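User: I would like a close look at one part of this model, and then how the rest is put together around it. Please keep it brisk and give the cut-offs.

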Amino acid sequence: MSDELVPADQSHLRASDADREQIAQVLHKATAEGRLDIHELDERLAAVYAAKTYGELVPITADLVVSGLPRNPAIPQYQPAVSDRIGGEPGSAVSVAFWSGVHRKGQWVVPRMHNAVAVMGGIEIDLTHARFAEQEVTISCFAFWGGVEIRVPDDINVHVDGFGFMGAFEDRAPARRHIPGAPTVRITGLALMGGVEVKGPKRKKSQILRELLD
């Protein structure tokens with residue numbers, strides 16, 4: 001087994017007690033088969049229980065045969081949880097506000113690609129209770145003398161990379177960490193003499209006060 005058996009983006013992830021126990025069992029079996037002596041077992045077990053990440057566990061069994069097959073991975077592959085917000089019949093692929101207003105909120109299903117076009121009008125898209133047709137979706141915005149406001153909850157991944165020309169394309173949501181298995185929403189597009197604004201979830205006054213006191 002080698003480091004390549006655990007993808008680079010997973011080797012830094014924290015190992016659990018169950019992961020360490022699985023490696024310990026591999027070492028005990030190797031000792032019983034005569035592949036390790038008792039001193040090597042003690043040294044490797046100490047390394048196992050001191051390891052904090054998958055990447056630290058990989059070298060410990062790198063020279064061993066696991067389950068009778070050379071170079072078989074002993075490290076359990078990280079499997080992110082699948083969000084219960086993914087799936088469903090996709091909703092409309094377009095929101096258009098021309099001298100008018102459009103509101104999308106509640107339990108609607110965001111399609112793989114949703115286009116929001118605001119021309120001298122306004123569009124409000126609330127993803128707080130939305131579902132997502134696929135793991136990754138894109139909301140493409142175009143605002144001309146109008147505005148698009150998108151509210152994003154804390155339990156999804158969001159990437160904002162739009163452009164403002166004589167306008168503003170702003171990400172005002174709080175800093176977010178990546179959530180494995182959560183839906184990913186890419187928000188892109190152009191604000192031309194208009195504005196696109198991405199906001200975090202609405203918070204009650206009591207929540208805001210508590211965060212300030214913390």
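What is the relative accessible area of Glu-33, and does that make Glu-33 buried, exposed or partly exposed?

Analyst: Glu-33 is partly exposed, with a relative accessible area of 43%. The classes are buried (under 20% relative accessible area), exposed (over 50%) and partly exposed (in between), with a 1.4 Å probe and protein chains only.

First, the ground rules. This is a predicted model, in which local features need pLDDT of at least 70, side-chain atom pairs count only at pLDDT 80 or more, and totals for chains, interfaces and linings use all residues. Residues are numbered from 1 along each chain as its sequence is written, and side-chain values use heavy atoms, with hydrogens and water left out.

Glu-33 has a charged partner. Its side chain meets that of Arg-35 in a salt bridge, 2.8 Å from N to O. Such a bridge needs a side-chain nitrogen of Lys or Arg within 4 Å of a carboxyl oxygen of Asp or Glu. Arg-35 is also partly exposed, at 44% relative accessible area. Gly-34, which follows helix H1, has a positive phi, near 85°.

Now H1 itself, residues 17–32. Helices are DSSP runs of H or I with at least four residues, strands are runs of E with at least two, and both are numbered from the N terminus. The expected span is 1.5 Å times one less than the number of residues. Buried in H1 are Asp-19, Arg-20, Ile-23, Ala-24, Val-26, Leu-27 and Ala-30. Seen down the axis, these buried residues fall within an arc of 155°, so they line one face of the helix. That arc is taken from the directions from the helix axis to the C-beta atoms. On the other side, Asp-17, Ala-18, Gln-25 and Ala-32 are exposed.

Next, the strands. S7 (residues 122–126) runs parallel to S4 (residues 101–104), joined by four bridges. Pairing needs at least two DSSP bridges between two strands. Arg-104 has Ile-125 of S7 as its bridge partner. S7 also runs parallel to S10 (residues 147–151), through five bridges. There, Gly-122 is partnered with Gly-147 of S10.

The largest nonpolar core holds 27 residues. A core is a set of buried Ala, Val, Leu, Ile, Met, Phe, Trp, Tyr and Cys residues joined through side-chain atoms within 4.5 Å. Leu-127, Cys-141, Val-148, Ile-150, Val-152 and Ile-187 touch the most other members. S6, S7, S9, S10, S14 and S15 each give two or more residues to this core. S9 gives the most, with four. A second, separate core of 15 residues includes Val-26, Leu-41, Val-48 and Leu-64. Val-26 is also one of the buried residues of H1.

Back to charge. The model has eight salt bridges by this rule. Glu-149 pairs with Lys-199, with the closest N and O atoms 3.1 Å apart. This pair links distant parts of the chain, as Glu-149 is in S10 and Lys-199 in S15, 50 residues apart. Glu-149 is partly exposed at 23%. Arg-172 forms a salt bridge with Glu-197, at 3.0 Å between the closest N and O atoms. Arg-172 lies in the loop between S13 and S14 and Glu-197 in S15, so the pair ties together parts 25 residues apart in sequence. Finally, salt bridges with shared partners join Glu-149, Arg-151 and Lys-199 into one network.
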